[in-house]
Amino acid sequence: MSQFGTAQPTLRQKLLRLNWELVLLISLTASVGFAMLYSAANGSFDPWATRQMSRFAVGIVLMLCVALVDIRLWLRASYTVYAASLVLLAAVEIMGSIGMGAQRWLNLGFFQLQPSEVMKIAVVLALARWFHGFEVDEAGRIRNLIIPVFIVLAPMALVLRQPDLGTAGVIAMVGGAMFWLGGARLWQFGVVLAAGAAAVPVAWQFLHAYQKQRIFTFLNPETDPLGAGYHILQSKIALGSGGLFGKGFLEGTQSHLNFLPEKQTDFIFTMLAEEFGLIGGVGLIALYALLIAYGFYIALRCRSQFARLLAMGVTVNFFLYVFINVAMVMGVLPVVGVPLPLISYGGTAMLTVLIGFGLLMSCWLHRDTYINRRGGLA
Amino acid sequence: MNSRDNDRQRFFTRRAALLAGGQFGLLAALVGRMYYLQVVESDRYHTLAEENRINMRLLPPSRGRILDRFGVPIAVNQKNYRVLIKSENTPDVPAVLDRLAMIIDLGPEEKARILKEVRRKKKFVPVTVREFLEWEDVARLEVNAPDLPGVTIDVGERRFYPNSDSAAHILGYVGAPRPEDLTGDPLLELPGFRIGRSGIERAFDRPLRGAAGARQLEVNAVGRVIRELDRQDGKPGRDVVLTLDMALQRAATERLGEEAGAVVVMDAHTGALIVQASTPSFDPNQFTEGLSNAQWRRLADNERAPLRNKAIAGEYAPGSTFKMIVALAALEEGLITPQTSFFCPGHLELGDGKFHCWKRHGHGHVDLNRSLAESCDVYYYEVARKVGIDKIAKMAARFGLGTELGLDVPGERAGLIPTKAWKRAVVGQPWVVGETLVAGIGQGFVLTTPLQLATMTARMVNGGKAVTPYLARDRVERGQLAARADTPVADIGVDSGHLDLMIEAMNLVTQDRTGTAHRARITVPGLTMGGKTGTAQVRRISRREREAGVRKNEELPWRFRDHALFVGYGPIENPRYAIAVVVEHGGGGSSVAAPIARDVMAATLDRDPARLSPGANVAGFDGPGNRGS
């Protein structure tokens, strides 16, 4: 066991060992996104495709930087990152409440940062660190679960106030996955689910009218085809009319004729499925499945609990993006504003996803690094 | 690596595998859902997508023309140049309108209306600035086009009546559909679409309208046209051929001149109307452009009723033109013979009443021929008293009086032929003999239209055939033009010998020196006309007035003057045409109506298709070979 952990790979070794095939897979997926953005602009790189490419370029470099950082540094930094994200989230909330409207992002000049997106990764980091310090039987004890519960609830509460149901749900689900992997007992999940179900009628009172409307519309979109149900219905029409092979690149009538709303962001999957049909849609889902499988593979190969949890957490987060978005455009889930990772136009989501992959690669590069309970070096 | 670490790894692997399994399961469910949407339900969504994307735009069909019997167009379509403005191409709409105003003279209200419409409509929907532009204005706009961004000129169609007012009542006019006209046919809801509002335009609206074409346009979610996918040209409306001879129609209108009146010329063998004039008239083109309130009031409030088609909707006492009916009723009943004569002392006394003849000192002994030639009133008082009103009414009905004749343009009036039962039912009083006497000279309750009088005359001179009047060569059947059925015309069931007696007597009216219309006979060699004059009182002449001397028509206000009537036919041998002339408050039948009839009949005989264009297929003309004997 001493051959692991002590001998740290050099930068050159790290670069050689980096899973380039994963980078390739990511780039391939992102390229599908560029093509779709090109199509969304009616066959033009302006205004979306070019900017998305440059963001991707920045993101890939950032991802590699994150990947090369020693995993133990990430472990030590995890609470700080979490705290910083929480502060940013609170800052957005405060700015919003002092009269700047319902803003969800901070303007950093060159780019608008959406703290709630960063929070998803930060929660994974913080929980991974927390559960790293416990054996499985210890982790499941109630007293050891109180702090992680707050790690999840604090950002959720802030995000819910924005109000952003989708992101709050994602944080809850990512958190749940971390609890599951970290060692929470099955019955504890049962209790939480039961409590959650009991809270639904209470929570309903706190929903905004438009949120209630969205849920109603989701349940029956045909009742309001030109109002709230418009998005879902038009998305289903575009998707369904794509058929098996689609209408061809740049030939998607529904999206190009602007029946499809938000075609460059949340509904980009619909456009892809309209133009490339079931074949194209399933192809993209397969690509995502490969990325998720890769993340799962890395998680299983890690020696440290932190790396395992981090890798799996990042993967689950990625999966949630994909699942919620695709389910949403198919009318399986309500429209909650979750982008399709690597493809939807938008900076924060792209960067968050790429940083997540950076952390995943860091786990891979340092899969054999031993980390003790306290988070120190062996 | 200690055992606790191994435990932890095994635990993690187990739970991670479950988690990953769940994830792949959910992704698989998404694929399933996608399969459902894109393969199973694909057709449904495909249809929905097509509906979303494709917008049908109707192309209004070109309205059919209306032609006269010789093919002369009397209702056509003209190019309608319109200036349109599209705000999306116009940086500053008010400024462009100001510049436009220098070319086509836009008033401030008009500008305000345009600006309001521009604000209300989507920015790519053109707003009409002005319609019916003159060609010079179009040319000037074209020259100034660079200064007028977003201003376009568009060519549409509008109805134009080249013979503007001489056939206005028959042609009718077109107008925008009213809410009650809307049948759900989207064509009717097209802006600028016009439907027939009266006359032929209304009666033949369906065939004239044609079938709309359609453009399939690809539009985006806000309705902007992306491109045209398909275009189906519609079927232009069918031309409607009338039996009217526009040259004669115009001549008749001009001959009526300033008078308010009507002239009807009918082919006595077919019922085809050659002339159907009504004056004063109006310009149907004004209706196409939209009438101003003042223009409308001028037409509607005019005491000479320019909007009424007096030929079919003017109801007048027939006066002496009714006398043939009374005579025929008596002849058919065997109550008189041509030789039966009555003495006319200038009046007839009945109880307290004294019924006057127009000839103050009387006609002396009068037989049938003289009674008609000189139009003795006392003769007809006597005959009417013998026959009785109900028999007179029955005879009148055989000649088409008192009923609508089913003319193929709307607006016909029935007139009135009184009976005892009618008076009891409508007036609520029993019939008195005096009323029979008055009816015997076509006065009192009796009302007829010029169309009925022409029809009556035609039936009298065509050998007793129950011809009915019509204006268009074809009929409308289920919205389509269909040829007139060639069924033989029924007989009115009056002894042809008796009819010949009428013709013989009516010949005398113009041909005999004593005839009331002798001065109005046709003097053109080879052309002849027979007929009967009529003068219908429109007011009651009181005894005191009569004693003081009946005032001359010229001394009375216009609306109290007598109606002048004439019914006739030509030529005398083998009558071909029947004519009826009514001049409202014109004075005497022989002095006013008969000369008009003479001129119109002479022109009609002169323009007989058999002479004018032998062998040609002329609407409503059955050719010389088919002439009734």
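Student: I'm looking at L291(B). Which residues does L291(B) touch, not counting those up to four places away in sequence?

Tutor: L291(B) touches Q286(B) and W296(B), once residues up to four places away in sequence are left out. Keep in mind that this is a predicted model.

Student: Where is L291(B), and is it buried or exposed, or something in between?

Tutor: L291(B) sits in the loop between α10 and α11 (293-301) of chain B. To judge burial, count the C-beta atoms around a residue: 20 or more others within 10 Å means buried, and 12 or fewer means exposed. L291(B) has 18 C-beta neighbours inside 10 Å, so it counts as partly exposed.

Student: Okay. What about chain A: how much of it is buried?

Tutor: Of the 378 residues in chain A, 49% are buried. Chain A has 15 helices and two strands. Look also at its contacts between residues at least 6 apart in sequence: 71% of them join residues at least 24 apart.

Student: How do I read the backbone angles?

Tutor: Start with the general rule: most residues other than glycine have a negative phi, and most peptide bonds are trans. Then look for the exceptions.

Student: Which residue in chain A has a positive phi although it is not a glycine?

Tutor: That's L342(A), with a phi of about 70 degrees. L342(A) lies in the loop between α14 (305-329) and α15 (347-365) of chain A. It is buried, because 29 other C-beta atoms lie within 10 Å.

Student: And what is phi for S375(B)?

Tutor: Phi of S375(B) is near 55 degrees, again a positive value in a residue other than glycine. You'll find S375(B) in the loop between α14 (368-373) and α15 (377-387) of chain B. With 29 other C-beta atoms within 10 Å, S375(B) is buried.

Student: Now the peptide bonds. Which bond is cis in chain A?

Tutor: The one from D46(A) to P47(A), where omega is near -5 degrees. P47(A) belongs to the loop between α2 (20-40) and α3 (49-68) of chain A. In chain B, T279(B) and P280(B) are joined by a cis peptide bond with omega about -10 degrees. P280(B) is in the loop between β12 (273-279) and α10 (284-289) of chain B.

Student: You mentioned β12. How do I read a sheet?

Tutor: Strands of a sheet pair through backbone hydrogen bonds, either parallel or antiparallel. Here, five strands of chain B form an open sheet in the order β12-β11-β21-β20-β19, with antiparallel pairing.

Student: Which strands stand at the edges?

Tutor: β12 and β19 (530-536) of chain B do; each has a single partner strand, so one side of each is left without a neighbour in the sheet. On average, neighbouring strands of this sheet are turned by 5 degrees against each other, direction ignored.

Student: How many bridges link β11 and β12 of chain B?

Tutor: Six bridges, in the antiparallel sense, link β12(B) with β11 (residues 261-267) of chain B. Helix α9 (residues 246-256) of chain B lies across β11 and β12 of chain B, at about 30 degrees to β12(B).

Student: Last one: how many residues does each chain bring to the contact between chains A and B?

Tutor: Chain B brings 37 residues and chain A brings 42. On chain B's side, the elements giving two or more residues are α1 (3-40) and α2 (42-53). α1(B) gives the most, with 22 residues. By type, the side of chain B that touches chain A has 21 nonpolar, seven polar and nine charged residues.

Methods
Residues numbered from 1 in each chain as written. Chains lettered and ligands numbered in written order. Predicted model: local features only at pLDDT ≥ 70, side-chain atom pairs only at ≥ 80, totals over all residues. Helix = DSSP H or I, 4+ residues; strand = E, 2+ residues; numbered from the N terminus. Contact = placed C-beta atoms within 7 Å. Pairing = 2+ DSSP bridges. Axes fitted to C-alpha atoms, helices over the stretch in contact; angles between N-to-C directions. Nonpolar A, V, L, I, M, F, W, Y, C, P; charged D, E, K, R; others polar.
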